[in-house]
Amino acid sequence: MVESNSESSGQYFHVIRELTRREIKRKYARSVLGVLWSVLNPLLYMAVVTFVFSFFLSKGIENYPAYYLTGNIIFSLLATGSSTAMTALKDNRNLMLKTKWPRQIFVLSRDYTALVNFLLSCISYVVVLIIFQIRIEWMAILFPIDIFFATLFLIGLSYALSIWDVFMQDAKNIYGTAIMVIRFLSGLFYNVDTMAPGVQTFISFNPFYVFIKVARDSVLYARVPDMHYLVQMILWSVGMFIFGSLIFRYKENKVMEKL
Amino acid sequence: MADKNTRQYIFVIRQLARRDVTRGNSSKFLGQIWNVINPFIHMITMVLVFSAIFENSIPNYRIYVLTGTIIYSLYNSGTTGAMKALVGNKRFLIRTRIPMNVFIIEKVYVAFIHMLYSLIGYVILLIIFQVPPNPCMLLVIPDIALSLVLIYGIGKILAVINVYFADIQYFYRILMVLFMYGSAIFYSADRLAPAVQAIINVNPIYISITMARNCVIGATCPNGIMWLTLACYAVGFYLLGSYVFKKGTQDVVAKL
């Protein structure tokens, strides 16, 4: 039983990888730059934002380009991952009707695509860290841990969103606007300490910001993040994962009827 | 004869617009309202985050931001809509003999209608925040008119590119996010470094936003350089767009 279980999960992992390969191929189907674009994209954002805000908003932030880039790659992982995973069930309607694969696979493959993109963007991240001569201390171990929890959060969020998208026509529009709002409330390109106190408190409870904050503290500033953020990191990701999984399991069968 | 054709095309545009507004990706009610309230949601977010920094240095900060988000939305939804005009209307293009630029005009028209609805909320906020009415406000009309011509020209180019190179949608989305940072929507351009100011001064979205702010909040006529720059953009992109569209759509049906 155990053996057959692991065999089938191995098989599903294979399916996820194939779906991911298809996604990546489709996304960059005709693009000359291909996967290289995943590496360059965050650098382009970094260059423009640093250029525009070189005189203000960047005040009081040490290594502003690296500060922005850290936030940007994590924000992209969560935002792109969740908004592409959101439509996974609708987009793969035909495959879902024809096969008996677990439905989770379609959502997971989108998240996996985002994770692959994130790892590619880490290449440019490392280059930027070297250019700015940021010394990596032992606290940087927190970075992979942070990414692990961020991914867990992403998976839970994606499960919930993909179900929501099936049941509500406007879900995609609403989430698109929500992402834009979250972009401004995640402390991506400004110093959170200069905000109004109420806004600061609000931002400090935004899960997107929590993951970004832990990464910045541990990698850029070689300090252990405040407990406030470490506890939230775990609670948000585990909580969201459980929440998403439960919703998915509960609504899964209704999804098929609806589709 | 020409007149009859024009009337026919206006009819087609309005029918297509109705389809876009009511069907699209969303339900009837929210689909209508979503594009209208989007600039307000953006404004509230930006004001919430940045009022501590800018409220003292920028008079009427809320209206200042809202002017920016409404015009940015017009550019964003107009050009993005037009980009999908040819690919999205595949069946019509193949089956009917409606001139193709009708589909572009229709998308710009929909974005314009959404903006007009947003303007109702804008006027209400002008009254609430006690911005006194002044005759210069009328100059917003030619400002928007030039912007629409510019959007139409850019939209034509994007629509053609989209037929041959679907990735443009992805790249253009990134470009528009960058424009959101680079159009002084939530900050004042004097705070920027001199080199950045020089660049932002030739950004057409920034120019049309600034002109509208001058008219509404500053109660002054925008200066001649801005009018001239925006007019050059509009005429230039109109001509370029028409040229690209003519060349690019010759074998577009075969390609689709």
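**Helix packing and the chain contact**

The axes of helix H6 (residues 104-131) of chain A and H7(A) come within 10 Å and cross at roughly 140°; axes here are lines fitted to C-alpha atoms, for helices over the stretch in contact, and angles run from 0 to 180 degrees between N-to-C directions. H6(A) and H7(A) are therefore oblique to each other, since angles under 35 degrees count as roughly parallel, over 145 as roughly antiparallel, 65 to 115 as roughly perpendicular and the rest as oblique. The model is predicted, so local features need pLDDT of at least 70 and side-chain atom pairs count only at pLDDT 80 or more, while totals for chains, interfaces and linings use all residues. Residues are numbered from 1 along each chain as its sequence is written, and chains are lettered from A in the order in which they are written.

Where do the two helices touch? A:Val107, A:Leu108, A:Arg110, A:Asp111 and A:Leu115 in H6(A) meet A:Thr151, A:Leu154, A:Ile155, A:Ser158, A:Tyr159 and A:Ser162 in H7(A), with contact taken as C-beta atoms, placed from the backbone, within 7 Å. Six of the residues in this contact are nonpolar, three polar and two charged (Ala, Val, Leu, Ile, Met, Phe, Trp, Tyr, Cys and Pro count as nonpolar, Asp, Glu, Lys and Arg as charged, and the others, Gly among them, as polar).

Turning to the chains, their contact takes 22 residues from chain A and 25 residues from chain B. On the side of chain A that touches chain B, H8(A) gives the largest share, six residues. By class, that side has 13 nonpolar, six polar and three charged residues.

How values were computed:
Helix = DSSP H or I, 4+ residues; strand = E, 2+ residues; numbered from the N terminus.
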